[in-house]
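Me: Hi! Could you walk me through this model with me? I have a few quick things to ask.

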Amino acid sequence: MEEKEIEKMRRQKTYYFSDPEIEASIIRSQKICARLRNMTIADKEYRDTIRQLIPGIPDSTLICPPFHCDHGHGIHLGEGVFMNYGCTVLDGGY
């Protein structure tokens, strides 16, 4: 069975950037990041929105919007992480 393009991306192999699954992942991330730009960490929708972007993000971790990333689901953060305003994470790999 042939390896999917997103799996190649995660393994830091050469991959086809215009693969529909990769494009959909990037568009999804851009839309969620756009919603976050209109929030603060005090907004009640903030935690649910950041969880949509970064699955498994600990409750003790804060990312102050604006925040930018490629996919979101390639980001793994531990307890108590703080990222200040304007952070960009390139998460093509893990």
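Reply: Let's start with R51, which is partly exposed, at a relative accessible area of 33% (partly exposed lies between buried, under 20%, and exposed, over 50%, with a 1.4 Å probe and protein chains only). This is a predicted model, where local features need pLDDT of at least 70 and side-chain atom pairs count only at pLDDT 80 or more, while totals for chains, interfaces and linings use all residues. Residues are numbered from 1 along each chain as its sequence is written, and side-chain values use heavy atoms, leaving out hydrogens and water.

Me: Which residue forms a salt bridge with R51?

Reply: That's D48, with the closest N and O atoms 3.7 Å apart (a salt bridge is a side-chain nitrogen of Lys or Arg within 4 Å of a carboxyl oxygen of Asp or Glu). D48 and R51 are three residues apart in helix α3, about one turn (helices are DSSP runs of H or I, at least four residues, numbered from the N terminus).

Me: And how many salt bridges in the whole structure?

Reply: Six. Among them, E21 and K4 meet at 3.4 Å, N to O. E21 lies in helix α2 and K4 in the segment before α1, so this pair ties together parts 17 residues apart in sequence.

How values were computed
Helices (H or I, at least four residues) and strands (E, at least two) are DSSP runs, numbered from the N terminus.
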